[in-house]
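Here are some notes for a colleague who is opening this structure for the first time.

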Amino acid sequence: MRDPLGGGGSSGADSGIERRILGTVLAIISVWLMLGARLFYLQVVEGDRYRVSAQKNSVRTHRVYASRGMILDRNGEILVDSRPAFDVRLVPDQAQDIDRTLNRLASLLGTERQELEERVGRPRGRFRFQPMLVAHDIDYAAAARVGARLWALPGVITRADPVRSYRYDGSAAHLLGMLGEIGERELKSKNFQGYRRGDIIGKDGIERLLDRQLRGRDGGRNVLVDAHGRELEVLSEISPQPGVNVVLTIDHRLQRVAEEQLELSGHNGAVVALDPRNGEVLALASRPAYDPNRFARGIASSEWQGLVKDPNKPLHDRALTGQFPPGSTYKVIPALAGLEAGVITPETTIRCGGSYRLGRGRYRCWKRGGHGPMNVHSALVQSCDVFFYKVAEMLERERRGVDELAYYARAFGLGSRSGIAALRETEGLVPTRAWKERRFREKWQMGETISVAIGQGFNLWTPMQLALTYGAIGNGGMRYRPMLVKRLESPFGELVEERLPEELATVPIKRESLEVVRKALRGVVHEPRGTGGRMRGLAGGVEAAGKTGTAQVVGMGKEYVKSEDLPEQFRDHAWFATFVPAQDPRIVVAVLVEHGGHGGSAAAPLARAVVDEFLSHQPDLVPPPEPDLGPTPPPRKPRSKPPTEADSTPPQVAAVGSSERPSPNRRSQN
Amino acid sequence: MPGIDRRLLQNFEWVLPMLGFALAGMGVINLVSADSSGDGGLSPAALRQLFWLGVGSLALLTVLVPDYRRLDRATPFVYVVGVLLLVAVLLIGPVINGSQRWLLVGPLRLQPSELFKLIIVLAFARLLSRRQSSRPIGLVDLAVPALVAAAPAVLILRQPDLGTALLVVLCGASLVLVAPIRLKTVAILGVTGLVGASLAWQFYLHDYQKERVFVFLNPERDPLGSAYHAIQSQIAVGSGGVFGKGWLQGSQTQLDFLPEQQTDFAFSVLGEEWGFFGAAFVLTVYVAMMVRGLMIARASKDAFGTYLTVGLVSIFFWMGTINVGMVLGVVPVVGVPLPLVSYGGSSMVTCMVAIGLMMNVSMRRYLF
């Protein structure tokens with residue numbers, strides 16, 4: 001046998017291997033001595049810190065949840081916060097006498113012992129060491145009763161976990177969103193890096209958009225727990241960082257009025273209120289809604305299915321994603337297009353005889369008797385259809401026709417998303433020749449331009465787009481990006497981030513043209529034959545401007561059928577858009593009432609209520625009622641105006657009276 | 001046949017198997033506690049472990065029979081078959097928990113990478129013992145051994161199983177270090193290793209593996225996520241104190257704070273329930289076993305026997321050091337079991353075969 005290393009140990013002939021094996025022995029021993037030293041350090045030196053054996057204690061690791069930030073409205077009103085939900089748990093191993101403990105718990109909680117016993121069962125094995133849920137979300141008084149007697153309830157633990165609380169139930173549900181457990185797909189997505197299985201996250205709305213900011217950072221805590229489950233000492237802790245508070249641009253007073261009014265109407269619909277000076281959204285309501293509180297701690301699958309399958313689509317936010325034909329609210333577009341293109345001037349007069357002929361087609365005006373001679377002002381005021389049919393025809397013959405209309409519609413941002421920071425928003429639809437050819441492979445017909453010009457046909461707007469369009473008309477042509485979040489604040493009220501208004505573009509329309517339309521919109525409300533009389537007589541003599549709209553749901557036959565006589569699902573959608581004050585507006589409100597009938601009667605009252613609420617908080621426009629100082633003011637109406645202010649509108653009392661009377665043109669237009 | 005030589009029984013190695021069985025016995029006792037429902041009864045896992053201890057003992061006896069020098073000759077064949085099995089795992093092995101480590105043979109799950117801890121030792125023992133030159137080993141001489149280690153290591157990394165791949169490389173490297181090697185070569189190897197490790201970090205490690213290293217360096221980084229193992233393990237061991245909480249009394253163990261307490265974290269159960277004395281005793285038994293192994297290596301008549309035994313000891317050394325270090329929080333969390341003690345059939349059989357081979361070398365030290 002060849003043996004290059006020489007003999008083994010006994011022969012002692014080896015030169016190197018002996019030495020190297022000895023070295024290996026030393027290396028092994030020294031490495032393991034180091035392990036032993038570490039063991040000694042952990043168990044003997046630091047042992048006391050960890051050791052809890054004498055009392056059979058244990059170290060528990062809790063996750064310390066960061067408290068989720070609140071969502072507030074612009075005035076600091078809390079819309080969403082977290083309330084503590086008290087739970088009672090029992091560690092079976094630590095309860096010396098389970099039956100006695102359960103008896104006591106039952107009497108303290110005011111429940112049947114049977115019920116508690118079913119919850120706890122008879123756990124075996126390692127489950128005996130785990131806390132079992134005995135009662136969930138008990139009221140504070142019951143929690144206090146149990147808490148005060150913990151000494152007599154070995155093994156019982158009370159705990160308060162934060163539960164999301166939406167203060168006004170279904171209010172602003174679509175906007176605020178809801179919470180739910182993180183899903184598989186979200187765990188894998190980049191947007192949710194750092195999230196863990198089981199995390200409760202925002203599933204919709206602001207809760208989701210600002211989830212990272214709202215949630216803060218969870219901490220952890222190793223706690224020494226004694227045999228009775230009492231926490232003895234915190235061994236180590238990483239404190240959680242609470243989430244920031246989100247201050248919305250929403251004014252909850254307006255939001256509530258909008259929602260109450262929608263509820264009163266009995267119809268589905270939406271209300272959008274904006275500040276036309278900066279794009280801040282003051283109210284964003286959609287009916288029907290749902291109660292996000294139900295999602296706060298998990299929702300039953302049947303209930304969820306119910307929401308998803310409900311034909312009224314309560315999960316669907318009509319304000320941002322509902323798309324409807326705009327009806328006569330659209331007429332501002334052909335009016336502006338006609339003026340800008342030069343096919344009409346403010347003085348151009350067209351006679352309305354109740355219908356309009358084009359080729360072999362006959363297009364009716366909503367007023368069968370006709371409006372007589374109309375210029376652009378009176379046509380908007382009385383919502384004459386024939387005038388705009390003629391404008392449409394002239395645009396088709398002399399200019400680019402429907403594409404001209406589309407150009408001006410797009411100039412107001414119609415047909416595209418507003419850019420609001422929201423999860424979902426739809427674009428609406430602005431039809432063009434090219435669009436029709438792409439979509440239907442058919443040529444555009446002139447008759448279609450005629451329909452489009454009064455807001456029927458292919459046009460689709462969202463309530464938000466209506467509000468933005470009228471806001472831009474009211475403020476002289478500036479388009480803002482609508483914003484929902486005003487700022488983020490630390491839990492102590494320090495400013496973390498401020499969101500500033502963003503100007504998107506100036507509408508490329510001459511000031512004079514806008515002025516003509518703006519004056520006409522004021523006339524809609526304040527002139528005798530205007531369709532928007534509901535907005536007359538605002539507090540403090542403030543003037544309003546607006547436009548009604550009634551969008552057909554079914555195509556018109558030869559006969560003009562009154563919408564009221566149709567079954568609900570075929571009735572017209574009612575629109576109303578208004579900005580107040582008519583000069584230098586501070587608020588623009590857009591209302592949609594699905595199948596509500598006429599805009600002037602079904603939608604305008606909702607806008608009126610929102611505006612009334614708004615004005616009651618504008619002391620410089622509407623002075624607040626003076627405190628009763630003496631005998632000077634008239635006794636029946638406390639609201640008085642400063643004597644210096646000259647005012648052309650009727651006195652307050654009369655104004656209230658007139659708003660209750662329907663305006664002369666109550667049935668408004670088609 | 002040398003199998004019936006009387007001298008074989010006279011020279012029978014008793015110390016090594018006694019130490020090994022002592023460790024395995026403690027492992028079972030520990031497992032009863034780690035896996036029990038608190039009553040000390042034999043759980044299915046403990047029974048399975050006893051079964052594998054039996055299988056391992058049979059394997060131990062089997063590898064005693066043939067002269068280990070015949071194994072020397074069989075090594076190339078064994079090596080090729082092993083590599084083919086590793087390839088087969090990647091081709092047809094089922095994906096379990098995100099990795100491909102097993103071959104299904106009827107009801108059994110075979111883990112070829114486990115075998116490779118032994119095969120790499122055989123291969124290196126053969127390579128090093130057949131060296132003709134009397135010069136110390138230089139860099140060029142290491143080309144073949146490097147290839148021999150790299151092939152299985154890469155295949156195992158693909159599974160992916162970082163722990164085992166690392167072990168294969170470490171065991172091979174240990175053998176080279178025990179051979180006559182130039183100091184300069186060792187230095188170059190060290191530098192290459194460092195560079196390779198940093199490259200691997202950059203391009204090869206999975207995020208969860210990097211996270212484990214980060215967490216090891218700073219456990220407070222994520223107390224409930226990746227650092228959970230490390231923190232809980234140290235709390236369990238530390239709370240054991242000098243004398244421990246007693247068998248079945250470890251609150252961390254019984255309350256299930258410890259993850260994988262039957263397998264990779266078996267030693268922390270031991271530390272909690274048996275205290276410093278118990279845990280230090282186990283460490284001492286390990287050291288005794290390794291030293292005994294090295295004594296056998298020294299007494300061996302031929303180079304192959306020496307290298308083989310040193311290599312087998314290195315398996316115990318590296319697995320033990322990594323596992324205990326991980327439990328005590330001085331090594332990042334890598335999935336390496338504690339030999340003979342952790343629950344698991346493959347590891348048990350591998351260790352028993354290793355003990356058997358060392359006994360084989362010891363018994364035949366006077367036979368030629």
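1. Angles under 35 degrees count as roughly parallel, over 145 as roughly antiparallel, 65 to 115 as roughly perpendicular and the rest as oblique. Axes are lines fitted to C-alpha atoms, for helices over the stretch in contact, and angles run from 0 to 180 degrees between N-to-C directions. Helices (H or I, at least four residues) and strands (E, at least two) are DSSP runs, numbered from the N terminus.

2. This is a predicted model, in which local features need pLDDT of at least 70 and side-chain atom pairs count only at pLDDT 80 or more, while totals for chains, interfaces and linings use all residues. Residues are numbered from 1 along each chain as its sequence is written, and chains are lettered from A and ligands numbered from 1 in the order in which they are written.

3. In chain B, the axes of helix α5 (residues 112-129) and helix α7 (residues 162-178) come within 9 Å and cross at roughly 20°, and α5(B) and α7(B) are therefore roughly parallel to each other. The contact, for which C-beta atoms placed from the backbone must lie within 7 Å, includes B:Phe116, B:Ile120 and B:Phe124 of α5(B), and B:Leu167, B:Val168 and B:Leu175 of α7(B).

4. Helix α5(B) also packs with helix α13 (residues 303-327) of chain B, at an angle of about 150° and with the axes 8 Å apart. Among the residues that meet here are B:Val121, B:Leu122 and B:Arg126 in α5(B), and B:Phe304, B:Tyr307 and B:Leu308 in α13(B).

5. B:Gly82 has its place in helix α4 (residues 68-92) of chain B. B:Gly82 is buried, with 22 other C-beta atoms within 10 Å (20 or more make a residue buried, 12 or fewer exposed, and numbers in between partly exposed, with C-beta atoms placed from the backbone). Although B:Gly82 and B:Phe116 are 34 residues apart in sequence, their C-alpha atoms are 6.8 Å apart in space. Leaving aside residues up to four places away in sequence, B:Gly82 touches B:Pro112, B:Leu115, B:Phe116, B:Ile119 and B:Pro152.

6. Chain A has an open sheet of 5 strands in the order β12-β11-β23-β22-β21, with antiparallel pairing, where two strands pair if DSSP finds at least two bridges between them. Strands β12 (281-287) and β21 (545-551) of chain A stand at the edges with a single partner strand each, so one side of each is left without a neighbour in the sheet. Strand β11 (residues 269-274) of chain A is joined to β12(A) by 6 bridges, and A:Ala273 stands opposite A:Ala283 in β12(A).

Key:
Two residues are in contact if their C-beta atoms, placed from the backbone, lie within 7 Å.
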